[in-house]
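Please walk me through this structure in the viewer, stop by stop. Tell me what to select next and what is there.

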Amino acid sequence: MSTTDSCPSKANPAIGRLPRPASMATNVDVSTLVDSDGGMIDRSIYTDRGIYGQEMRRVFARSWLFLAHESQFRKPGDFFTTFMGEDPVIVTMDKTKSIRAYLNSCRHRGVRLCRADAGATKMFTCTYHGWSFDLAGALQSVPNETAYPEDFDRKDWSLIDVPSLATYKGLIFGNWDPNAEPLEEALGDMRYYMDAMLDRDPEGTEVMGGVMKWELEGNWKLAAEQFATDWYHVNMSHASALMVMSPTGRGPKADIVATPGRQFVAPNGHGAGFPTHPKSRFDAGPVHEYYDYPALRERLGDAAVEGPMTTGHATVFPNFSYLPVNGSIRVWHPKGPDKIEVWAWILVDKSMPDDVKDAQRLYNLRTFGPSGIFEADDGENWSEVQAISHGFVTNSVPLNFQMGMGSEREDGVYPGQTSELYSDAAGRSFYRHWAGLMNEPAWHENTGK
Amino acid sequence: MSEAINLGSIDDIDEGEAKVIPGDENGTGEDIAVFHAEDGNFYALNDECTHETASLADGWIEGTEVECPVHSAKFCLKSGQAMCMPATIAARTHKVVVQDGAVMLYPNCPVAAQV
């Protein structure tokens, strides 16, 4: 299978303006690398450069990707710079107070237009030659413009728009596909599970402080898939951290290890696992005391409070993950097949008093901050997996994803298909969806029709 | 109280080592591990780790604790208490007495928790 990325985008006619030879973007059929029915994964999908490039074209260029939280933008000109896959983007609020997102690359010679992490501006002016763009992405100023040909039109050189933007309860997502399925439909039943974190407070949520960023050796899928499907590692990998967090501080508790729970398995790759045990909460004390549980049960339903609002984990396909009790939302930015840049925000309910917000912040840092006692365990595992996986023999031996095979069902309590808490069901679904995208030409490809 | 089983001389189990008395020999139906701890005393626990299938007699004796050789759960040899994850359930204790240089095991005779 071979295609070229030369079909001009309806929304961004500049994309593909210069047609490329098909041989530059060779796509492979990944069908044999992902055996979702048999529960096996070929390790090349974590290490192969060609597959990584195909992921950029066919997974990241057509999926809804988390960009930022609405609370990061209060006035026109507020901006935040991030990545969609490896594409740098500026997210900003324009003069009409609409959120906009642009490719963060000057249309002239391609340098990163905005190099700050976040801030407020009137214009985005390139530091290289001085091309300057307004908050709506329009090219406003070109130094020495008279030297350009007569037919040079600034309108042709606007910033490249992220054509599809949408928010879900404070979370801003972007999609390079101008005809992307609406975000709410793409999230589907996942919204119910997200609401247990995003909709506890009628005022909504906000992020606190800046973005914590750190690098890990490891393929982005290792982290994204774990947050979708893997409670299994908790008792082993986090044994020492769980001892530290033990509610009484006196010893290991069977309540933690033997907790019942469910795992949500979305057909389009999202996943969430959560205990369904009323005592499975590791909240910071003040946060736990702050919550009015009867009111939350009224608002979200008993099942949401007893399940997804507890100590759980989740991934919105492909690379946005969160931990409700820890108040952590994060993106696993791919940086080549072997590296992840983790960007993590602290999420709190808006109505929380300051001291409760602070308790949530400290609890987040202690558990899943860059040096959090749980976070460090996870990063170590992913890095260890990646560190050896370029060995030829190592790379040729498939990985096992067979736990909970066939256990998915509608349980009448939780929306969509759910499996057991200890299961690889959401992982198998994650890779099934990934393989489906990898094998289908994306919106930007010239399919020869 | 059940009858004592004479396990032989204290010199038969080196300090830091353990011996398994099979279930059909000790009468409980479950293997019992007798440990010669680093405090010089002898202790006995059910041999199988309460977490997963593993022999505690194959574990590492440190002071008066034994660490499971498979997942590193630790148990107090004196009380059987699970000291760390991933185990949470105490191991069953059995009384051991040294009498005239011989190690005497009392299967089914629990040791009172003393932690």
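**Stop 1**

The model is a predicted one. The space inside this second largest cavity comes to about 40 Å³. A search of the whole structure turns up 3 cavities of 30 Å³ or more.

Now colour two strands of chain A, β15 (271–275) and β16 (313–316), each of which supplies at least two residues of this lining. β15(A) gives the most, with 3 residues. Sorted by class, the lining of the second largest cavity has 7 nonpolar and 3 polar residues, and no charged ones.

**Stop 2: helix α9**

Go to residues 293–300 of chain A, which form helix α9, and show Y293(A), L296(A) and L300(A), which are buried. Turn the view to look down the axis of α9(A): the buried residues fall within an arc of 55°, so they line one face of the helix. On the face turned away from the buried side of α9(A), select P294(A) and E298(A), which are exposed.

What lies over the buried residues of α9(A)? The cover includes three helices of chain A: α3 (190–198), α8 (285–290) and α10 (302–306). Then step to G301(A), which follows α9(A) and has a positive phi, near 95°.

**Stop 3**

Select E225(A), D230(A), V385(A), L399(A) and F401(A). The second largest pocket has a volume of about 410 Å³. Of the 16 residues that line the second largest pocket, these five, E225(A), D230(A), V385(A), L399(A) and F401(A), are the closest to its centre.

To see where the lining comes from, colour α4 (220–229), α12 (375–388) and β20 (399–400) of chain A, each of which supplies at least two of its residues. The largest share, 4 residues, is that of α4(A). The lining of the second largest pocket divides into 7 nonpolar, 5 polar and 4 charged residues.

**Stop 4: two annotated spans**

Select residues 65–162 of chain A, which UniProt lists as "domain: Rieske" in an unreviewed entry. In the model, this span of chain A is 0% helix and 35% strand, and its end C-alpha atoms lie 11 Å apart.

Then move to chain B and select residues 5–105, for which UniProt, again in an unreviewed entry, lists "domain: Rieske". Here the span is 4% helix and 39% strand, with 5 Å between its end C-alpha atoms.

**Stop 5: one residue in chain B**

Stay in chain B and select E65(B), which is found in strand β6 (residues 65–67). Is E65(B) buried, partly exposed or exposed? Its relative accessibility is 23%, so E65(B) counts as partly exposed.

Show the residues around E65(B). Leaving out those up to four places away in sequence, E65(B) touches W60(B), K74(B), F75(B), C76(B), L77(B) and M83(B). Finally, draw a distance from the C-alpha atom of E65(B) to that of L45(B): the two residues are 20 residues apart along the chain, and these atoms are separated by 11 Å.

Methods: Residues are numbered from 1 along each chain as its sequence is written. Chains are lettered from A and ligands numbered from 1 in the order in which they are written. This is a predicted model: local features need pLDDT of at least 70, side-chain atom pairs count only at pLDDT 80 or more; totals for chains, interfaces and linings use all residues. Side-chain values use heavy atoms; hydrogens and water are left out. On a 1 Å grid over the protein atoms alone, a cavity is a set of points where a 1.4 Å probe fits but cannot get out, and a pocket is an open set with protein on both sides within 12 Å along at least five of seven lines; lining residues have an atom within 4 Å of a point. Grid points are joined across faces, edges and corners, and a volume is the space filled by probe spheres set on the points. Ala, Val, Leu, Ile, Met, Phe, Trp, Tyr, Cys and Pro count as nonpolar, Asp, Glu, Lys and Arg as charged, and the others, Gly among them, as polar. Buried means under 20% relative accessible area, exposed over 50%, partly exposed in between (1.4 Å probe, protein chains only). The arc is that of the directions from the helix axis to the C-beta atoms. Contact means heavy atoms within 4.5 Å. UniProt positions are given in the numbering used here, feature names are shortened, and annotations may be inferred rather than shown by experiment.
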